[in-house]
Amino acid sequence: MAAKLSLSGPSDSDTSSPSDQSVSGRSVNRSLRIAEKERRKNEAEDPFVLALKYFSDVEPGTPVNGNDQLERNLVCVEKVAYSKGLHPEAISIMLEFAMSLRMGSSPCVRVLKCLIPSSVVPQEAVVRAVVWLGIGKIPISTQVLFIKWVLTVFDMIDAKDQLRAIYGFIFSFVTEENLCPFICHLLYLLTRKESVRVFRVRKLLELQSKVGRQPFLMHLLSLYKVFCPELVTLSIPSPMKNAFRNHNSPWKSALLAVQKRNGSQVSSSSLSLTAKDKTNSRKRKHCHLEVPALNSAVNKQAQTDSCSSRKVVPLVQIHSFAQLLENMHRIELPAQMGSLLGSSLTLQFLDCVQDESALLRLNSWLGYALHEEFLFCNDAGSFQNSEEALQFLEKLLSTLHFRQEGFSSIEVFLYKFLNAWDGSLLRPQILGLMSNIPVVTSSQIGQFLFEPLMQLFFTSSLFFKCGLMECLNNMLLKWLTWHSVYALEDDLDISLNSHTSINITLSGFKDSVMELVHFVGRLATVGLQLEGCHSLLLSFILDFYETVCDMFLKYGLPLVVMPPPGVFYPALFAADPVSVDRLAYIMYRYKVNLTSAKRQEKLKEQAFHISRQTFHEFNHYVVVMVNCLWNSKMFHQGMGVQLGEEVLLKSNVPQYSNSFDLIHHPAFLSYAVDFHQKCWPGRKDMDLNSIKHSKPWRWYLEYLFTQGYDGLKQFVQSNISWQPIAGDGGSDDLATQQR
Amino acid sequence: MEQKQTSVVKTPRNSDGAQRSSYRQSYRSYVGAVSRLGLTSALTARRLNTSRRAPRAHNITDKVSPEHLAVLVKKEWQLSYVTPLFQFRHTQLKRYSQQLSAFIAAERQGVAVEVEEPQHSFKASFSVVHGMAEAEEDAETILIQVHSKHHFSRRDDPEKCVWSGWLACINGSPEYIRSLPKDFICLPLFGSSGGDPLTSSVKSWFQQTFDCCFGSLEINHTSLQWLGSLWTNCQPESNIQHLKMIWAVPVVPPLQITYTVNPQDAWELWTCVRKDAQVEKEGEEEEEEEEEGIIDIEEVNMFMQELKSHFYRHFKLDLSAGNLVQVSTALGSAKTSGRIKISNSRYMISTLTLLTECALLKMPV
């Protein structure tokens, strides 16, 4: 007995009273306990303190029956336990009293039942009690009760190192039939890689052959498999929940009540540990869409046995972000990389994986799943099972969103799939995946993306067209964001060193962006014609150009591409004021970008070059807009829209050159009428041209701007030097940028 | 090797800039899949080779042991494609045998099993089939056999082979194989023969151990036509006995047409087609020596076209409307469902080359 005691022995065991033994070891708690002692002196008269003293000093063999003192003291302890919980020292005393059977086994159960800790449970007390388990003559039911108690308070035990040190001792109890389920659970909580040994595996397997496949055995063995897959193998049947049935422990409610009262919340996860096991019993029809389970790798470990000094942690064992951070440098990759997509925690880890092989493994699995589901379609009618496919893609999208980066296998898959897609199957998801395609080199972009997309675009509904526009806008945004991040990070002076290889890739990137923008321009032009300039489609197209016009200032990409006439004119002549306003805003941003680019160009010697053509196009558009909206010179020479004089006369439109100014433009006509009524409420005959006069014109503009047309406001302010008071409309002037 | 495994997560050396080294590098990684695999030409349009070498009678019996050949030749195999195996080692086969035996036992009985236990009811064994690999990049073929032990059998009773399978790569595309990191072994063609539960056990063991995926490999119309022609081409050297083709015609009720051709007739038709094609080519360019032994898809198509028109002349039924679902000769048989039987080992290599190519076409990355 003495030998065994010293095994778990406290370092300063010279103190005689068992209550002091708990003071040992944990130096962290030492100061706390000194304070405790102080307080104890003051409360020497406290009946609870007296009761504890009684239990620590009581002589072995004291009779139980008719012992009023015992009864009184026990009731006192119970009262404190159920109201406030027992402090660590009290736990030690009471546990020692109960397990040593100093007064026989009858008070033992009663004491165990009231062992409600208020804060922590000292490890030494538990270790000593376990030792008593081996030597005392405790009835088996009480032994079970004790282990159940340990399981309940497991998370409150202040340290586990000594408990782990006596792993083998605890393991020896598995042969005890009644104890076995609970011992297995305790072992499950204590097991580390070094505890898994061949002889223990054999022992458990031997037990299995005796008692059959009991869930508690299987669960412990499956943990052994996690650590040493080369030693043991098993297939876990899916309904594996409730492996350890300890949820009905007698302390749970009392413990919760005490913790609630004390305002502390020590989570007891050890109890709920098995409850969260996935109940994935439903047999899936298409197993290729199932994310593989997280398993530790078999072969790797066997191969690294030689250098086992390096401790690796299987990813399966990581349950929290804190653990992940702590073990980041020694986490072992799982057997199947696809399993990383299974939880958000593993995704965090995936973000740090740089190993090319690991990513290839993941891509292989992902590509395989996508190909089998959407391209090979071996089992007929897998498209009908689109609910599963939908969930899979949604999960994939959220992964991509989380990672902010694509997977090459998705890209390869999409290039193939776009040729087979009907444009409606899982449209939002496929478009979502597509918008994550990283930069495609300009030599390949046509074949891989544009050709299939063009076919889909022209043969699909308006909603597909809008969706595709949105998708391409998102794609462009992602490319540009990527560019701005890396260009900044490298502190790269893009405009310099035009002959180094860096500039080649930059120009490669520029080429790709240019290809994309031109492609969208072509799509938009034809799309607007096909759909009769539908305002919804126009809105998505303008979204795209809002990105394009700011490429230089927002993303630092020295590239300005103007929209084609097929987009510009439909927007300018749109019947809804919002489109015209947005076009005005876009033109305003183009101007800001171009002037800033020009300034930089002058500043630096080897500046990037924005072609004269671009400036020319821009100027032309601005002239058209100003002439059209402001100067009422709609069909003048040099304008984009030219019609023969006789044709215009034939149309019988009076003052045709006025018809698209801010007053007569179909988008603003209602505002003009409204303004007219407000301005001259008394007038019976409406003469909109009277707004043209300088004063009402100014008011009218103010009126339009207050309606929220900020784009228009910015456009007018930046492009038209306009002295409203000075005189009549003739003084209005063009101030477009000339080169 | 060990070093490589442990360093999956690279800690940034000093600052945040360490792992995203430069614009150029990140651009390269960002440009992604397409450039990595170097499949710039036709990623979306990978097709079967349009010409291939005529099968020559291999003296394969010299290179491959007769026991192995006997196993490979007798059975009908169900084919699958396999993505590259991660950290598969031809030197670890003994351990794999042990692990797979334990895995099968655990799956079968639903209990935990000790891996090193010698007495499993199923005994899996891995072996290398030496001499099958053709090109330098090809990994050696792996043969897997599962033997079962009956509880009541006597000790000296021979164990019964209940399942067998193999993984092969014959003349696999060197570009593809070279593009893989060196931890990967490419054995894209998997054939299995035996009970389905065992097949799925073996597959899932492979999936969990080498992080690979299995998908079914069907032999399509074109591949079947190729096989029919390639086999017919062997007629002078070894009698094919018949050229049997089964066509499925999509009518209601579904119609299957079995079309058997006399071997000599088939051969004569084939030589005519070959001659025409050769003459045509000769007219274009005079490189007859090099053209010898190369069969072109044009010839295959022409051969099939002639067979179909012959059928039409007799039965007024155009087989073009249907699908070729099975081809068989004395050299072997192939079904569109992905079942293949190789009856003569002498021409095995050219058949497996074609099938390897089919399997590689299915690779997702």
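Buried means under 20% relative accessible area, exposed means over 50%, and partly exposed lies in between (1.4 Å probe, protein chains only).

## Basis of the model

This is a predicted model, where local features need pLDDT of at least 70, side-chain atom pairs count only at pLDDT 80 or more, and totals for chains, interfaces and linings use all residues. Residues are numbered from 1 along each chain as its sequence is written, chains are lettered from A and ligands numbered from 1 in the order in which they are written, and side-chain values use heavy atoms, with hydrogens and water left out.

## Confidence in chain A

pLDDT is the predictor's confidence in each residue, from 0 to 100. Chain A has a mean pLDDT of 79. In that chain, 80% of residues reach 70 or more. Helix H27 (residues 535–549) of chain A has the highest confidence, at 96. Helix H1 (residues 2–7) of chain A has the lowest, at a mean of 38.

Chain A holds 35 helices and 5 strands. Helices (H or I, at least four residues) and strands (E, at least two) are DSSP runs, numbered from the N terminus. Of the 739 residues of chain A, 54% count as buried.

Contact means heavy atoms within 4.5 Å. Take the contacts in chain A between residues at least 6 apart in sequence: 73% of them join residues at least 24 apart.

## Salt bridges

A salt bridge is a side-chain nitrogen of Lys or Arg within 4 Å of a carboxyl oxygen of Asp or Glu. The count over all chains is 19.

One of them joins Lys465(A) and Glu531(A) (2.8 Å, N to O). Lys465(A) sits in helix H25 (residues 462–489) of chain A, and Glu531(A) in the loop between helix H26 (501–530) and H27 of chain A, 66 residues apart. Lys465(A) counts as buried because its relative accessibility is 2%. Glu531(A) is partly exposed, at 24%.

In chain B, Arg52(B) pairs with Glu357(B), with the closest N and O atoms 3.1 Å apart. Arg52(B) is in strand S1 (residues 51–53) of chain B and Glu357(B) in helix H13 (residues 348–361) of chain B, so the bridge ties together parts 305 residues apart in sequence. Both Arg52(B) and Glu357(B) are buried.

## A salt-bridge network

Glu71(A), Glu78(A) and Arg110(A) form a network of salt bridges. Glu71(A) is partly exposed, at 38% relative accessibility. Arg110(A) is also partly exposed, at 30%.
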